[in-house]
Each structure stands twice: as C-alpha cells, then as structure tokens.
Amino acid sequence: MNKSELESLREEIDQIDSEIVKLLNLRVGKACEIGKIKQVSGVDPYDPAREEQVFKKLSGYSDGPLREVSLRAVYREVISASIALEKDMTIGYLGPEATYTHQAAVKNFGSGLKYQPLPDIPDVFLAVERGHCDYGVVPIENSTEGAVNRSLDLLVDSDLTIISQVFLRVCHCLFSQSSLAEISEVRSKDQALAQCSEWLRTHLPGAQLVPVTSTAEAVKECQSKKGVAAIAGELAGNIYDVPMLEGGIQDRSDNVTRFLVVARQSLPMRTGVTYRTSLVLSLKDEVGALQNALKPFSDRGINLCKIESRPSKRKSWDYFFFVDFIGHPEDKRVCEAMEELQDACAFARLLGSYPESEV
C-alpha cells in the first residue's frame with residue numbers, strides 16, 4: 001500500500017467518525033428526551049432489562065467484524081453518558097478505588113457516572129437505604145469459594161431489592177515493596193486469600209494470612225511496610241504504585257466473581273428478557289420441609305439454579321435458604337409457585353428479579 005492509498009483510507013475513516021459523532025449526539029439527545037418523560041413519571045433512567053433489550057438488538061444489527069462483546073462495551077459507555085446527562089447519579093461500592101467490586105460497578109454502569117467508595121459491605125447497603133447513593137454494588141459469590149456470607153445476611157434484613165447482576169473474571173496478583181523471600185505476612189479480602197490458598201501454601205508456606213476489608217485496601221496498607229504483601233487485581237497495584245511480584249496466582253484460571261446491584265425500588269418486567277429471581281426462605285420444623293418448599297417449583301418446571309443455606313442468627317440451628325430460579329414473579333407459573341410456597345414455609349420473601357446474564 002502506497003502513501004496516497006493510506007491517506008485516502010484515513011480520510012474515509014475521518015468522514016465515518018464525523019458521521020458517528022453526529023449520530024451519537026442525536027442518540028443521546030433522544031435518550032435525554034426519554035429521560036425527561038421518566039423524570040416526570042418518577043422513573044429512574046437506569047433500567048438493566050431495557051439495556052439488555054438494546055444489546056440484543058445491536059447484536060442483531062451487526063454482521064461483523066466487530067464482536068458482540070466489543071459492541072456491548074462501546075454502547076455501555078454511550079448509555080452511561082446518556083444516563084449521566086439525565087440524572088446526577090451515584091453508585092456506591094465496596095472500596096477503596098480499584099477493588100474488584102469497583103471494576104464490576106464500572107463494567108455494569110460505565111465510566112460516565114459518579115462512584116462512591118465505601119469502607120465495608122454494610123456501608124454500601126446503608127448508603128443506598130439512606131439515599132446517599134442511588135445504587136450499590138456488592139459481591140455475592142465466587143466460582144471457587146462460594147457465597148459471600150456478609151452480603152447474604154444483609155439481604156435478609158435490608159429492604160433493598162436486587163435489580164441486576166454482574167460477572168467479573170478475577171485474576172489475582174501479589175504486590176509488595178519486599179522480595180518474595182522477605183515476605184512474612186500477606187493481606188487481602190478473605191475470599192481472595194482463599195482463592196489463592198494453594199499458591200500461598202506452595203510459595204509462602206510460613207507467611208501469616210491477614211484478612212482485611214478489601215483487596216485494594218490490602219495494597220494501600222502495604223505501600224510502605226517491609227515484609228508485607230497484598231493480593232489484589234493488577235489495577236490496584238498500578239493505582240497505589242506497589243510493585244507486582246507475581247501475576248495470576250489464583251488457584252483456578254476460570255475464577256469468576258458474581259456481584260449484585262441493589263436499589264431502593266424494583267423495576268417492572270419487560271418482555272423478551274430472561275429473568276433470574278432470588279428469594280430467601282426458612283422452613284417449618286417438620287419432616288420433608290425442604291422437599292415441600294421446593295415442590296412448587298419442580299411441579300411447574302421452574303429451573304432452580306442455586307440454593308444456599310445460612311444460619312438465621314435468630315435462634316440456634318435455624319437456617320435461611322437462599323434460592324435463585326429462572327423466571328419472574330409476574331409469570332403465571334411463578335406467581336402460583338410463590339403462593340404455594342408461602343403455605344409450605346415458615347417465612348419466604350423475594351429479594352429481587354433481574355436480567356439473567358452470561359459470564
């Protein structure tokens with residue numbers, strides 16, 4: 001390719017970019033008009049089910065070579081910019097900056113909104129409940145280590161509802177100002193320490209493992225401490241300027257954490273969207289109680305995709321069961337199952353319905 005051909009192609013790209021910018025501004029303008037209508041109606045601009053509908057349509061419009069994941073990323077930012085113009089919105093997350101929860105929040109909402117780091121998971125719930133944040137993002141389970149129990153416990157007692165879920169692939173790294181041979185202590189979130197347990201036993205068998213509130217907090221704490229290391233994502237090391245000693249130290253390469261977005265109000269059901277619903281229940285003290293509780297779902301062919309038990313902390317040996325299933329409470333068969341469930345259980349409450357999404 002000669003120089004004139006190269007310049008010609010660049011001029012074509014410039015022209016295409018000019019048209020794209022005009023169309024993007026036109027799109028954002030229309031979204032703002034919709035936002036004004038929503039504001040009058042008291043409806044928030046963020047609607048994950050509507051976004052899922054948009055993403056599916058975009059996938060149908062495209063015949064390549066742009067991949068679907070790239071198309072989603074581009075339009076995630078377009079939608080984020082539109083929401084930012086419609087409303088001054090704040091997203092609370094388990095901080096500080098650069099935690100995996102922060103990364104999940106940005107993946108879900110885009111970079112156009114305001115983000116508020118909070119010290120601990122209960123603080124995220126409290127900030128949303130009091131209206132200091134519009135939405136909160138918290139970790140709920142990991143593919144290697146299972147449930148994040150603090151989030152489960154808070155969902156029971158909170159009036160907040162789940163409106164979205166986010167999956168984030170997790171790659172852990174070891175950071176320290178000291179060499180590997182000098183490390184006597186490793187700090188991180190308890191789940192992160194557990195997800196790297198085999199690596200730690202092999203390479204740092206004598207190191208003390210110290211759980212802290214978040215992975216990014218662990219990196220901040222070891223900025224000026226000799227012999228102390230932290231496990232976190234690469235972004236945390238870059239932001240807090242702590243050298244990375246080892247990368248990819250998680251025990252499983254397919255390590256994924258699932259996060260939930262919580263809000264004060266639920267959102268209406270949209271057609272054409274596959275929903276996941278979460279609920280919590282406790283059983284009657286009788287033979288076959290669990291079977292009786294699950295029977296309303298199996299009788300109607302409703303797919304139960306998760307069941308998790310936790311001590312209720314209300315009395316000894318009493319448990320809550322957290323159940324996820326595919327469907328929405330406005331579906332007829334789900335509505336029937338929930339009515340039957342109320343009779344079969346001592347306690348049952350919906351925690352939220354939200355679009356089912358892929359990892």
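A polar contact is a pair of N or O atoms within 3.5 Å; within protein, one must be able to donate a hydrogen and the other to accept it, and residues adjacent in sequence count only if both atoms are side-chain atoms. The exercises below concern a predicted model, in which local features need pLDDT of at least 70 and side-chain atom pairs count only at pLDDT 80 or more, while totals for chains, interfaces and linings use all residues. Residues are numbered from 1 along each chain as its sequence is written, and side-chain values use heavy atoms, with hydrogens and water left out.

**Exercise 1. Surroundings of N255**

Determine where N255 is placed, whether N255 is buried or exposed, and which side chain its own side chain meets in a polar contact.

Solution. 
1. N255 is placed in the loop between β10 (244-247) and β11 (256-263). Strands (E, at least two residues) and helices (H or I, at least four) are DSSP runs, numbered from the N terminus.
2. The relative accessible area of N255 is 1%, so N255 is buried. Buried means under 20% relative accessible area, exposed over 50%, and partly exposed in between (1.4 Å probe, protein chains only).
3. The side chain of N255 makes its polar contact with the side chain of Q195, at 2.8 Å.
4. Contact means heavy atoms within 4.5 Å. Not counting residues up to four places away in sequence, N255 touches Q195 and Q250, among others including N142, L168 and H172.

**Exercise 2. Surroundings of R276**

Carry out the corresponding analysis for R276: which strand holds R276, and which side chain is joined to R276 by a polar contact?

Solution. 
1. R276 is found in strand β12 (residues 275-283).
2. With a relative accessible area of 9%, R276 counts as buried.
3. The side chains of R276 and D324 are joined by a polar contact of 2.9 Å.
4. Leaving aside neighbours within four places in sequence, the contacts of R276 include D324, F325, I326 and G327, and also G352, S353 and Y354.

**Exercise 3. Aromatic pairs**

State how many aromatic pairs a search of the whole structure finds, and describe the pairs Y46 with Y135 and F320 with F347.

Solution. 
1. The search of the whole structure finds 6 aromatic pairs. Rings of Phe, Tyr and Trp (its six-membered ring) pair if their centres lie within 6.5 Å; planes under 30 degrees apart count as stacked, over 60 as edge-to-face and the rest as tilted.
2. Y46 and Y135 form an edge-to-face pair, 5.2 Å centre to centre with 70° between the planes.
3. This pair links distant parts of the chain, 89 residues apart: Y46 is in the loop between α1 (3-41) and α2 (48-61), and Y135 is in strand β3 (residues 135-142).
4. Both Y46 and Y135 are buried.
5. F320 and F347 form a tilted pair, 5.8 Å centre to centre with 55° between the planes.
6. Because F320 lies in strand β14 (residues 319-326) and F347 in strand β15 (residues 345-355), the pair ties together parts that are 27 residues apart in sequence.
7. F320 is buried at 4% relative accessibility, whereas F347 is partly exposed with a relative accessible area of 25%.
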